[in-house]
Amino acid sequence: MEKIVIKNGNIVTMAGFSHGPQKGEEFGKLGLIEDGAIVISDGVIEEVGPTKDIEIPNGAKVFDVKGRLVTPGLIDPHTHLAHFGSREKEYTWRIEGMPYIEILKNGGGILETVRQNRIASEGEIFNQSLENLSRMISFGVTTVESKSGYGLDWETELKQLKTNKRLEQETNIDVVSTFLGAHAIPTEFKEDPEEFVQKVIEMLPKAKEYATYCDVFCEEGVFTPDQSERILLEAKKLGYKVKLHADEIVATGGAQLAAKLGADSADHLLCVDDEGMNMMAEKEVVAVLLPGTSFNLMSDKYAPAQSMIEKQVPIALATDFNPGSCPTENPQLVMTLACLNLKLTPSQALAAFTINAAHSVGMGEKVGSIEEGKQGDVVVFDCPNVDYIPYRFGINHTHSVFKKGKLIWQK
């Protein structure tokens with residue numbers, strides 16, 4: 001039996017929320033143990049408490065973190081990790097004020113990434129995705145949700161879904177795989193979107209072998225609420241859990257649809273209305289907010305996080321890592337953006353990347369907090385406290401990362 005002990009740390013446990021996310025006045029409750037220790041046995045947390053009260057087991061490997069901040073492993077619950085290529089040529093266009101429709105006409109946008117991934121080999125997609133995942137791990141990520149959606153045909157979607165599976169097998173990181181065949185209308189179906197909706201529905205049984213979730217980009221000019229509902233209802237019949245890109249550009253009723261379908265999360269939500277927030281609160285649908293995307297698109301529009309807190313909507317944060325609107329793997333930077341633009345406190349931002357993120361991917365009873373019986377996913381930050389992470393922005397604060405009780409990254 002392999003045992004490790006992490007001692008002399010200021011431990012953020014996030015304890016007590018394994019059966020439901022933090023929300024309202026409880027959002028940001030750290031469960032801090034000063035000068036604490038964690039015993040992990042065969043990948044599972046066995047004991048947590050003050051260092052002085054923890055008896056170090058014989059033969060245990062001991063890590064003295066010397067007063068550093070210790071938190072649950074970070075969870076990035078909305079990414080487009082599995083992809084090949086990049087779109088840096090759009091950067092100057094956006095700075096110069098080119099509208100998105102013009103970017104599309106100039107060969108940019110999601111459809112450019114679709115083009116790159118259709119011609120890429122499965123090996124090329126995997127190798128680039130592995131490099132990106134390795135960078136995520138260095139920032140403290142131990143669980144990641146990864147969507148397909150840059151194929152829009154079965155052959156390319158399959159390459160992405162296989163990449164998700166292989167990433168999990170080869171890194172031991174929990175990779176939550178999501179089928180996002182309904183990410184955009186491909187060029188060949190632009191005159192008949194309904195035909196493409198049917199194509200996505202036909203992909204669902206084949207994708208189920210590789211994906212836990214089904215997601216749809218429910219938005220004006222992409223998939224209507226009716227089309228989104230039809231796809232997701234078929235997905236639920238097949239045993240998928242569901243998520244939804246919702247109310248990012250206009251209020252289409254995506255939040256209401258997420259609540260109606262019992263989705264684990266609705267994501268983006270820049271334009272969500274009061275009815276949508278109230279319905280999400282009632283059904284405890286987690287709002288996954290992506291402030292890095294607003295920042296990178298030079299938008300002054302951010303999700304109404306404070307209204308969500310008031311209405312008891314649970315909030316998670318994610319990077320939205322993708323090759324277009326938010327090409328960063330750094331959740332620490334996104335915490336800073338959440339504090340400055342969503343007015344979250346540092347404690348709330350950390351809760352949003354740990355226990356609440358865990359619930360948004362259906363893993364709240366397994367990861368997201370440091371408690372007995374949970375998986376031994378732990379990050380040590382070279383910081384004295386939680387506030388220091390978003391305060392000192394633009395650098396990597398990670399000292400060491402443990403996944404299932406094994407040291408997988410160290411500064």
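**Close-up views of a predicted model**

View 1. R230 and D226 both belong to helix α7, where they sit four residues apart, about one turn of the helix; helices here are DSSP runs of H or I with at least four residues, strands are runs of E with at least two, and both are numbered from the N terminus. An α-helix has 3.6 residues a turn, so residues three or four places apart point the same way. R230 forms a salt bridge with D226, with 3.1 Å between the closest N and O atoms, a salt bridge being a side-chain nitrogen of Lys or Arg within 4 Å of a carboxyl oxygen of Asp or Glu. The side chain of R230 also meets that of E194 in a salt bridge (2.8 Å, N to O). This second pair links distant parts of the chain, with E194 in helix α6 (residues 193–207) and R230 in helix α7, 36 residues apart.

The model is predicted: local features need pLDDT of at least 70 and side-chain atom pairs count only at pLDDT 80 or more, while totals for chains, interfaces and linings use all residues. Residues are numbered from 1 along each chain as its sequence is written, and side-chain values use heavy atoms, with hydrogens and water left out.

**View 2. The salt bridge between K366 and D174.** The side chains of K366 and D174 meet in a salt bridge (3.7 Å, N to O). K366 lies in the loop between α14 (355–360) and β14 (378–381) and D174 in strand β8 (residues 174–182), so the pair ties together parts that are 192 residues apart in sequence. D174, at 7% relative accessibility, counts as buried, whereas K366 is partly exposed, with a relative accessible area of 37%; buried means under 20% relative accessible area, exposed over 50%, and partly exposed in between (1.4 Å probe, protein chains only). D174 and K366 are linked with D377 and K403 in a network of salt bridges.

View 3. Helix α12 (residues 331–341) is mostly covered, with eight of its 11 residues buried, among them P331, V334 and L337. Just after α12, K343 takes a positive phi of about 65°.

**View 4. K236 in helix α7.** K236 has its place in helix α7 (residues 225–237) and, at 38% relative accessibility, counts as partly exposed. Leaving out residues up to four places away in sequence, K236 touches V242 and L261, where contact means heavy atoms within 4.5 Å.
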